[in-house]
Amino acid sequence: MTPNPLLGVLFHWLGGFASASFYVPFRGVKRWNWEIFWLTGGIFSWVIAPWFFASIQTNDLMGVMAQVPSSVVGWCIFFGFLWGFGGLTYGLTMRYLGLSLGMAVVLGLCTVFGTLIPPIFDGTFMTEIAGTLHGQIVLLGLAVTVLGIVVVARAGARKDAALSTEQKAAVVAEFDFKKGIAVAIFSGIMSSCFAFGLAAGEPVKALSAAAGTGPLWTGLPTLCLVMFGGLITNALWCGWLIARNKSAGQWAGAPDASGQRPKLLPNFLLCAVAGTAWYFQFFFYTMGESQMGRFGFSSWTLHMASIIIFGTCWGFAFREWKDAAPAVRRMVWSGVGLLIFATLIIGYGNRLAS
């Protein structure tokens, strides 16, 4: 199949929308501790959705998995384990900074590390990227992406600096800028490990293709391995919190600290939607990457940029920017404009290479 970078960009935007939207259903969960709804949604993200969609979209999934070398399995799970720390603290970042500012800081770091380190590690950066015109155009797109992220993050910082403590709490109930920034930096670095896990899973894609799976879907079996690593990290942390807070009974309808009982069916459904949306970002990511040709490394940049674009839109939808000055609002939209422009640059560079 001939790569189609424009189609790849569309898939990456669909994945970015899914990622930016996944936390929205969690906002509707009532009277469940964070660890309860995070782990519940995570079961769909890390186990149910990956294996379900891989089983229906790929050929001989279990046969392919049986052929994967143990070293490849180990590296995929290891990088998924590290990525799990990023995903875990990503949720905490949303709690402390809100959707728009939290995403900008986390994904800015994640973009740089996740895009550049894999081609540097496999030795293709200088020859196939920095040494070619289309590769240099893609790198220009990465630079514009980082600039857009910086503009969005600075707008968020200016907005938060101008708000009173009461205004911040009204928008983000647990707002804590210093704690949020520290968590966001750690989350951004760890989250980039997902890109390393996908790179480690290239042999899995080859085995799936050999089994007759179409090019759009060969990346799905790798997701099963990488996301299992994320399950380990999150299950250990949430399990510790559940034991400490004695919150396991909430799954069965135990009352919260105020004595009120949760409505179980809505909570489970909302967590299922949130978890599946979280998975869909990578479902569409693997589809987009399959269309980017030799410059598949740029997929990570496109993915991150689209998440920030849609995350900023959600931030406005939830009125996180309602008290921001007009100049600050113009700044954040100019950052979003830069991210859209960067997407066009990267798409053009990939088009030249195809």
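**Stop 1: a nonpolar surface patch**

Select I43, I48, F52 and I56. These residues form a nonpolar patch on the surface of this predicted model. Together they expose about 360 Å² of accessible area.

Where does I48 sit? I48 belongs to helix α3, which covers residues 34-57.

**Stop 2**

How many salt bridges does a search of the whole structure find? The search returns two.

Start with E202 and K205. Their side chains meet in a salt bridge, at 3.7 Å from N to O. Both residues lie in helix α12, residues 202-210. They are three residues apart, about one turn of the helix. E202 is partly exposed, with 38% relative accessible area.

Next, turn to K205 and E289. K205 forms a salt bridge with E289 too, and the closest N and O atoms are 4.0 Å apart. This pair links distant parts of the chain: K205 is in helix α12, E289 is in helix α14, and 84 residues separate them. Are K205 and E289 buried or exposed? Both are buried.

Keep all three side chains on screen. Salt bridges with shared partners join E202, K205 and E289 into one network.

**Stop 3: helices α14 and α15**

Select residues 264-289 for helix α14 and residues 299-317 for helix α15. Two packed helices are described by the angle between their axes and the distance between the axes. What are the values here? The angle between α14 and α15 is about 140°, and their axes are 10 Å apart.

Which class does this angle give? Roughly antiparallel needs an angle over 145 degrees. At about 140°, α14 and α15 are therefore oblique to each other. The crossing of α14 and α15 is right-handed.

**Stop 4**

Finish with P215. It lies in the loop between α12 and α13, the latter spanning 220-245. P215 is partly exposed, at 41% relative accessible area.

P215 and S290 are 75 residues apart along the chain. Draw a distance between their C-alpha atoms: the separation is 6.5 Å.

Methods:
Residues numbered from 1 in each chain as written. Predicted model: local features only at pLDDT ≥ 70, side-chain atom pairs only at ≥ 80, totals over all residues. Heavy atoms only, no water. Patch = residues over 30% accessible without salt bridge, like charges linked within 9 Å, V, L, I, M, F, W, Y side chains within 5 Å. Areas by Shrake-Rupley, 256 points an atom, 1.4 Å probe, with all protein chains shown as cover. Helix = DSSP H or I, 4+ residues; strand = E, 2+ residues; numbered from the N terminus. Axes fitted to C-alpha atoms, helices over the stretch in contact; angles between N-to-C directions. Parallel < 35°, antiparallel > 145°, perpendicular 65-115°, else oblique. Left-handed = near helix turned anticlockwise from the far one by under 90°. Buried < 20%, exposed > 50% of the residue type's maximum accessible area, 1.4 Å probe, protein only.
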